[in-house]
Amino acid sequence: MVNWVHVAKEHLVHRLAKMAGLRRCTVGVDNAGTVMSVWAPKDKLPATADAAEATKKEARREAGRLSVVLIHGFAGDGIFTWVLQVGALAKHYDVYVPDLLFFGGSTSGDARRTPAFQAECVAAALRRLGVERCAAVGFSYGGFVAFGMAEVVCTGCSLPSMPRSTGEAMLRRLGAASFAELLLPDDAAGLRSLFAAGAYRKWSRWFPDFVLKDYLKLMIFNRKERAELLEGIVVSDKDAAAAPSFQQDILLLWGENDIVFTMELASKLKDWARRRPCEASARRGTW
């Protein structure tokens, strides 16, 4: 039976990414079998080790063109999340769109499930593709990973985590028993509820069940590992209170009607990061 979401992904999403000049590649990053799948500019993909070194040298010379890394959230993989942005951004930047571990084509035999480890793997893959410096843009869970990338290059920085009390309050507000129940639905009704919670305009109500079921089959896999990833972002309130010391500038872009990550959380995160130049902006809606 045809999976219509797979058809859309292969013949629309991937085609739009290729029209923007991106190509998909896989990059091994360690000896534990960790492999990262990344959509990268086609002219930046090295064919050999010698070409990789040449690419690094070329990247140093092309300091005027910024590399932008788009990091996805929990509802989809990299290119499925960011395809509507890559076309415009690729006109001005070198755009890289990784799949985080256990999403898309990325996987690992390592037992670590923290945003910090995700960040290490993304950073390692980018280095192997010749990227020395970049602007990291993280959406939802990808925001934790983006902060983690700053931590990778900034010794002594503290990575933002979700305090346990905040996570419990969020679950009560959304009527879910756990983040796995909310973010890893196993039926069309659960996926529709997830999309409704994450979107300002409730467009998901118009999706027929067969489309949602196709999405579940194609996109929601590695459930055990993803549930462990969700556990990795929640820490005790005491551990979450550590003060940051980032050297990078930070921009927070928030949806003022977001019922998952509320404006109250945005304000707390801004206060947490206040030691560095931090600009916050609220926009109506979320997706």
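The legends below describe close-up views of a predicted model.

Residues are numbered from 1 along each chain as its sequence is written, and side-chain values use heavy atoms, with hydrogens and water left out. Because this is a predicted model, local features need pLDDT of at least 70 and side-chain atom pairs count only at pLDDT 80 or more, while totals for chains, interfaces and linings use all residues.

**View 1. The chain as a whole.** The chain contains 12 helices and 9 strands (DSSP runs numbered from the N terminus: H or I of at least four residues for helices, E of at least two for strands). Of its 287 residues, 45% are buried (under 20% relative accessible area; exposed is over 50% and partly exposed lies in between, with a 1.4 Å probe and protein chains only). Among contacts (heavy atoms within 4.5 Å) with a separation of 6 or more, 71% are between residues 24 or more positions apart. The chain has an accessible surface of about 15,000 Å², and carbon and sulfur atoms account for 54% of this (Shrake-Rupley method, 1.4 Å probe; for residues, only the protein chains shown count as cover).

**View 2. The second largest pocket.** A pocket is an open set of points on a 1 Å grid over the protein atoms alone, where a 1.4 Å probe fits and protein lies on both sides within 12 Å along at least five of seven lines; lining residues have an atom within 4 Å of a point. The second largest pocket holds about 220 Å³ of space (grid points are joined across faces, edges and corners, and the volume is the space filled by probe spheres set on the points). Helices α6 (164–174), α7 (179–183) and α10 (223–231) each give at least two residues to the lining, and α6 has the largest share, with 4 residues. The lining includes Arg-164, Glu-168, Phe-179, Leu-230 and Val-234. By class it has 6 nonpolar, 2 polar and 3 charged residues (Ala, Val, Leu, Ile, Met, Phe, Trp, Tyr, Cys and Pro are nonpolar; Asp, Glu, Lys and Arg are charged; the others, Gly among them, are polar).

**View 3. Salt bridges of Arg-112.** The structure holds 9 salt bridges (a side-chain nitrogen of Lys or Arg within 4 Å of a carboxyl oxygen of Asp or Glu). Arg-112 pairs with Asp-110 at 3.1 Å, N to O, and with Glu-120 at 3.7 Å, N to O. Arg-112 is partly exposed at 40% relative accessibility, and Glu-120 is partly exposed at 36%. Asp-110, at 16%, is buried.

**View 4. The salt bridge between Glu-228 and Arg-113.** The side chains of these two residues meet at 2.8 Å, N to O. Glu-228 belongs to helix α10 and Arg-113 to the loop between β4 (94–98) and α4 (115–128), so the pair ties together parts 115 residues apart in sequence. Glu-228 is partly exposed, with a relative accessible area of 24%, whereas Arg-113 is buried at 15%. Elsewhere, salt bridges with shared partners join Lys-44, Arg-65 and Asp-94 into one network.

**View 5. Buried residues of helix α9.** In α9 (residues 209–219), Leu-212, Asp-214, Tyr-215, Leu-216 and Met-219 are buried. The elements that cover these buried residues include α1 (4–19), α3 (78–89), α8 (188–198) and α10.

**View 6. Leu-253 in strand β8.** Leu-253 is placed in β8 (residues 250–255) and counts as exposed, at 60% relative accessibility. Its C-alpha atom is separated by 8.7 Å from that of Ala-266, 13 residues apart along the chain.
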